[in-house]
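Please open the model in a viewer and keep the selection panel at hand. The stops below can be followed in order.

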Amino acid sequence: MKSHDIANRWVEFFASKHHTPVPSASLVSSDPSLLFTVAGMVPFIPYLTAREVPPFKRATSVQKCIRTGDIDEVGKTVRHGTFFQMCGNFSFGDYFKETAIPYAWELLTSSLDDGGYGLPAERLWVTVYTEDDEAYGIWRDKVGVPADRIQRIGKEDNYWSTGQPGPAGPCSEIFYDRGAEYGIDGGPIADETRYIEIWNLVFMQYQIDNVTSKVDFDVVGELPNKNIDTGLGLERLAMILQGVENMYETDQVRPVLDKAAEISGKKYTSTEDPADPHHTDDVRMRVVADHIRSSLMLISDGVTPSNEGRGYVLRRLIRRAVRAMRLLGVETAVLPELLPVSRDAMKGAYPEVETDFARIARIAYAEEKSFLRTIASGTARLEEAVKVSKAANHPLSGEEAFALHDTYGFPIDLTLEMAGEAGLAVDEAGFRTLMLEQRDRARKDAKSKKSGHADLTVFHELHAQGETVFTGYTELEGEGRIR
Ligand code: ATP
Ligand code: MG
Ligand code: MG
Ligand code: MG
């Protein structure tokens with residue numbers, strides 16, 4: 001089943017259960033505290049927190065999401081994309097656990113002919129929050145999942161809150177067992193690679209207060225209106241239904257991976273084993289496929305490359321994809337070859353990536369060009385510095401890394417990677433200190449100057465903050481904030 005059909009089947013199923021289909025919101029989050037839409041529930045936050053009265057009691061969507069916090073997992077795990085689509089069903093003070101759990105089971109296990117996804121029941125495992133006897137009972141007694149495939153786990157994984165006083169509640173997750181050849185027995189608590197998390201059901205039922213951490217808070221009451229918020233990863237279900245090894249091999253992503261293999265002349269082998277000699281190149285191709293698609297979708301939603309915030313995330317995705325292709329041996333511009341392939345894989349579900357492609361391509365190709373210029377001008381200097389440092393048996397100094405950044409716009413991650421390839425460490429702490437000093441200088445300067453004329457310190461300041469801004473937002477989007 002194609003990804004687009006999986007999405008349509010989702011919406012049809014929940015529409016038949018009286019949910020209002022709601023189109024995906026933009027990747028650029030409507031919630032000011034979030035950089036991107038990181039989950040299907042984000043557009044519904046005003047309803048879930050009872051700040052606004054929802055126009056419907058039940059809704060369903062297939063929401064575009066970006067999670068930059070997962071960027072380092074991409075290609076290494078089988079299941080993390082920076083862009084992915086979260087299928088959701090939502091109840092705003094309407095049905096609760098006793099209905100949400102059987103819905104999930106019905107959709108996953110009903111036959112294809114009956115409108116379901118036809119997953120074999122014996123492959124499915126579930127987890128519930130340790131103290132949620134109610135959810136446990138529904139799974140065991142109402143749905144009929146054998147007790148030995150229901151696992152109880154703690155707050156770390158199975159409790160949702162915003163990290164603030166307000167609504168919160170236990171979760172229940174559904175996992176698919178890929179089989180003994182993928183890992184050890186024992187269910188999701190034993191092995192999260194063999195048992196793939198596909199669906200998270202959140203039961204918002206309590207009011208919490210005195211929150212000191214994600215797991216330390218007081219439950220101060222029941223919510224008058226209990227909500228259901230669920231999220232299933234479309235790519236994860238697609239990988240199962242399409243019988244492929246990971247999410248990068250599903251129909252909306254694989255064509256880019258194949259193109260990367262074609263133009264680099266490398267063979268893609270699907271390996272998950274870090275000890276396999278093909279693993280490094282396989283990961284690079286998966287990273288390329290993921291990042292190209294994320295870039296396409298971000299530009300489509302109005303993001304443009306810059307040195308801060310959303311634009312910096314986009315810049316970093318494009319640069320990482322270009323870098324990965326260089327490590328695969330391709331030094332010419334690759335986006336003009338890869339981006340149209342991603343467009344063709346995504347246009348069925350998102351026609352705007354085709355109708356708006358001229359604009360998207362112009363922005364993406366210009367960014368690659370400027371990055372290639374940066375690489376060209378900085379590489380000679382970096383190579384020289386590497387040679388000198390190696391001869392002196394020193395790591396590459398913080399001063400040198402800073403000069404590369406300041407003069408050539410050479411990002412520190414590139415310096416780290418290229419020095420690393422030459423077997424040389426970098427004094428990253430020294431680099432960071434110099435960056436902070438520069439920022440403080442720029443701030444003092446800005447304060448002591450009267451405005452009214454072009455003030456370049458602002459530019460320098462943004463520039464200097466580039467890397468730290470990114471980290472900050474990564475944390476912001478971490479698991480604590482949303483689900
Ligand atoms: P994991 O533990 O695998 O990182 P999660 O618990 O962080 O997943 P949730 O926040 O519960 O994920 O999101 C709901 C669903 O969205 C998940 O069950 C999964 O199917 C999907 N999902 C989450 N993150 C990603 C991602 N980076 N790429 C693809 N799908 C994802
Ligand atoms: Mg999880
Ligand atoms: Mg989860
Ligand atoms: Mg996660």
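Keep in mind that the coordinates belong to a predicted model.

**Stop 1: helix 7 against helix 8**

Select residues 254–264 for helix 7 and residues 279–300 for helix 8; the two pack at an angle of about 125°, and their axes are 8 Å apart. Helix 7 and helix 8 are therefore oblique to each other. The crossing of helix 7 past helix 8 is right-handed. To display the contact, show V256, L257, A260 and A261 on helix 7, then M285, R286, V288, A289, I292 and R293 on helix 8. Sorted by class, the contact of helix 7 with helix 8 holds eight nonpolar residues, two charged residues and no polar ones.

**Stop 2: helix 8 by itself**

Keep helix 8 and hide its partner. Helix 8 has 22 residues, and the distance from its first C-alpha to its last is 32 Å, close to the 32 Å expected at 1.5 Å a residue. How many of the 22 residues of helix 8 are buried? The count is 19, and helix 8 is mostly covered. Then select G302, which follows helix 8 and has a positive phi, near 100°.

**Stop 3**

Go to V74, in the loop between strand 2 (58–66) and strand 3 (83–92). Is V74 buried or exposed? V74 has 25 other C-beta atoms within 10 Å and is therefore buried. Leaving out residues up to four places away in sequence, V74 touches H80, G81, T82, R286, V287 and D290. One of these, R286, also belongs to the helix 8 side of the contact with helix 7. For a distance across the model, pick V74 and K390: their C-alpha atoms are 32 Å apart in space, and the two residues are 316 apart in sequence.

**Stop 4: helix 8 against helix 12**

The axes of helix 8 and helix 12 cross at roughly 120° and come within 9 Å. That angle makes helix 8 oblique to helix 12. The crossing is right-handed. Show S295, L296, I299 and S300 of helix 8 together with I360, I363 and A364 of helix 12, the residues that make the contact. By class, the contact of helix 8 with helix 12 has five nonpolar and two polar residues, with no charged ones.

**Stop 5**

Select residues 309–327, which form helix 9. At 1.5 Å a residue, the 19 residues of helix 9 should span 27 Å, and the end C-alpha atoms are 27 Å apart, which agrees. Just after helix 9, G329 has a positive phi of about 100°.

With helix 12 still shown, turn to its packing with helix 9: the angle is about 65° and the axes are 10 Å apart. Helix 9 passes helix 12 in a right-handed crossing. Which residues make this contact? They are R315, I318, R319 and V322 of helix 9 and A364, E367, E368 and F371 of helix 12. These divide into four nonpolar and four charged residues, with no polar ones. A364 of helix 12 is in this contact and also in the contact with helix 8.

**Stop 6: I101 in helix 3**

Select I101, in helix 3 (residues 97–109). I101 counts as buried because it has 26 C-beta neighbours inside 10 Å. Neighbours within four places in sequence aside, I101 is in contact with A135, I138, W139, V143, S172 and L201. I101 and T77 are 24 residues apart in sequence, and their C-alpha atoms are 28 Å apart in space.

**Stop 7: two asparagines with positive phi**

Most residues other than glycine have a negative phi. N210, although not a glycine, has a positive phi of about 50°. N210 sits in the loop between strand 8 (195–209) and strand 9 (218–233). With 10 C-beta neighbours inside 10 Å, N210 counts as exposed.

Methods:
Residues numbered from 1 in each chain as written. Chains lettered and ligands numbered in written order. Predicted model: local features only at pLDDT ≥ 70, side-chain atom pairs only at ≥ 80, totals over all residues. Helix = DSSP H or I, 4+ residues; strand = E, 2+ residues; numbered from the N terminus. Expected span 1.5 Å × (residues − 1). Axes fitted to C-alpha atoms, helices over the stretch in contact; angles between N-to-C directions. Parallel < 35°, antiparallel > 145°, perpendicular 65-115°, else oblique. Left-handed = near helix turned anticlockwise from the far one by under 90°. Contact = placed C-beta atoms within 7 Å. Nonpolar A, V, L, I, M, F, W, Y, C, P; charged D, E, K, R; others polar. Buried ≥ 20, exposed ≤ 12 C-beta atoms within 10 Å, placed from the backbone.
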